[in-house]
Amino acid sequence: MAAAAQTLHLLRSSIALLALLALSFPPVSAFAAPSDPNNMPPTAPSIVFTIAGSDSGGGAGVQADLKAIHTLSGGTCHGCSAITCLTAQNSCGVMSTHSPPVAFLREQLSTLEGDLYPRAVKVGMLGTHELATEVGGWLQKLKESNSGRDAPLVVVDPVMISTSGHKLIDDGAKTAMIEKVFPYADCVTPNKFEAEELLGRKLQSPADVEEGAKEILAMGPGSVLIKGGHSLLEEQGVEAPAAAGEDNVSVGYAQDYLLLSKEMCEGSKPVKDRPRLCDGSRGVWLRSDRYDTVHTHGTGCTLSSSIATAWAMGQRGRENKAGGEKVGALSSMHLVDACCIAKAYVNAGIAKGVQLGKGPGPVVHTGFPSSYRNFPTIALEANSASTPAFIPMQSYQSAKTSSSSDVTLGRILPIVDTVEFERLVATPGITDIQLRFKDTSDYATILDRIKHAQTLCKSNGVRLWINDYWRAAIEAGECFGIHLGQEDMASCADDGGLDAIREAGLAFGVSTHSYSELAAALGVRPSYISLGPVFATASKDVKFDPQGLETVRQWRKLIPPEVPLVAIGGIGDADVARRVREAGADCAAVIGAVTKADDVGGAVESLNDAMS
């Protein structure tokens, strides 16, 4: 009887504490901007679960998760929570903890699942063997009953070791997490200390981290993101370069290593059997500025819930495009993209961090990423503090007020084949022209055409860009620049071509269609970055949905202002070009707008005026 009474008392206390949590935590609408009927989401928000502990101080756990779910998504996702642990804590530390009975956690999950089915699930602290086993069993049923594409994404933050290195759970809970939870996780996000605990050894170099990620992947999850790679450089006494931040001061960079299983990566490739630098199956180092601040409470919780939220936003985007909504890059959101968005979100929150109590402050929740200062790059070399830049260029708009000697990119960039090239190269107003080859792949033929094009460009004072064929462009000797797509950039990098292009003194432009592709482009420090297709186009078989003008606006914010942004796809006349320019594009890549024009000179003049 005494045992039964004690159990009943624990259950009642858990319910009372959960009720208090619900009262103390503001409703989701409290985080939203003032309601505007014209800006309400056209469909119901996506559901994202957080299965985690409660932080009574409000900086981590489910409190941070729910803030991230709502704030990152701008209200297009709705957070639901199942509590695994109650804590008495403030900014100075945890005073005590209380785990609700397993039966109550089971009831929370079944109650939610029966009514509010999730698109994504974040799993946080599982402090006991029993709790980890219960969550693992629930995830197994969730995955097995939805084995198709509708199965929710599961992100597991294996809370075992604090960022400072303090152990938080016992070996029994760790074993249950590996055996019962990991096999049903699509992504696990250990920090460096937690990865070392899982592996039973220290990670002392980037190669150690990469090998460790493979071993954690073999434990069953679909992917692994090991956080805290910057600490490797600190342990080796290597200093990363400092940079000025807009809030807290940046002191170099932080980088995390992401590795996907081949099965998880396959669905995100736009071109099968052609890798990109951002394909997680080859492993990617995500790098961003690191801020000199102690106000980082809740970073791990926020990162994992942000990955789940970004994924849910992408799923919603793919579904809504069938109804005609302009979803842009959201419809191309896969796991690497979601990790890029989440890292940018957390980094922005660290930059804004301030002290609230006597101890370290929490991550601030700032909204969907909107600054190049916080958006990550994909680093080709984990040990390299800085990647050499290609020839810098400036936009026509910047050149009007700048004293920089950087080459000015034209307002329009015609992309043409050999026949059209002959007709356009002498047209007044064209300063840059890109030559593509649609009718041949024969190297000797392409080399001859490039040399002929060089002669024409030189006599007309036009800069020649070559599409795709970087070896021929280097061999020809007098081209100005090379433009590559993501797949060609990856093969070029693998063959040492990026270094060869730099050594040849050529400018370099790269295409982007998704957030992870943007991170890869930023990582090589190109002369310009292009985005497309902005609008639907029939000139090329494009594997991505039209981006729309809103994505142009986003890209302009996420790309450093000194790097020109080129918009491409469906820019058929000056009126469309003007809209693209107003959205933030510095240059319009055009095809039919000039090749199909009756008056080519008049079309070029109108397009240039529109992009001024």
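Begin by selecting Lys192, Glu196 and Lys202, which are linked in a network of salt bridges in this predicted model. Within that group, look at the pair Glu196 and Lys202, whose closest N and O atoms are 3.8 Å apart. Glu196 has a relative accessible area of 9%, and because this is under 20% the residue counts as buried, whereas Lys202, with a relative accessible area of 53%, is exposed.

Next, select Arg201 and Glu215, which form a salt bridge with their closest N and O atoms 2.8 Å apart. Arg201 lies in the loop between helix 6 (192-199) and helix 7 (206-217), while Glu215 lies in helix 7, so the pair ties together parts that are 14 residues apart in sequence. Arg201 is partly exposed, at a relative accessible area of 33%, and Glu215 is partly exposed too, at 31%.

Now move to Glu478 and Lys458, whose side chains meet in a salt bridge of 4.0 Å, N to O. Here Glu478 sits in the loop between helix 15 (470-476) and strand 16 (481-484), and Lys458 in helix 14 (residues 443-460), so this pair joins parts that are 20 residues apart in sequence. Both residues, Glu478 and Lys458, are exposed. The structure holds 22 salt bridges.

Finally, select Asp65, which you will find in helix 2 (residues 61-73). Is Asp65 buried or exposed? Its relative accessibility is 0%, so Asp65 counts as buried. If you then show the side chain of Lys122, you can trace a polar contact of 3.1 Å between it and the side chain of Asp65. Leaving aside neighbours within four places in sequence, Asp65 is also in contact with residues including Thr50, Ala52 and Cys301.

Definitions and conventions. Residues numbered from 1 in each chain as written. Predicted model: local features only at pLDDT ≥ 70, side-chain atom pairs only at ≥ 80, totals over all residues. Heavy atoms only, no water. Helix = DSSP H or I, 4+ residues; strand = E, 2+ residues; numbered from the N terminus. Buried < 20%, exposed > 50% of the residue type's maximum accessible area, 1.4 Å probe, protein only. Polar contact = N/O pair within 3.5 Å; in protein donor to acceptor, adjacent residues only side chain to side chain. Contact = heavy atoms within 4.5 Å.
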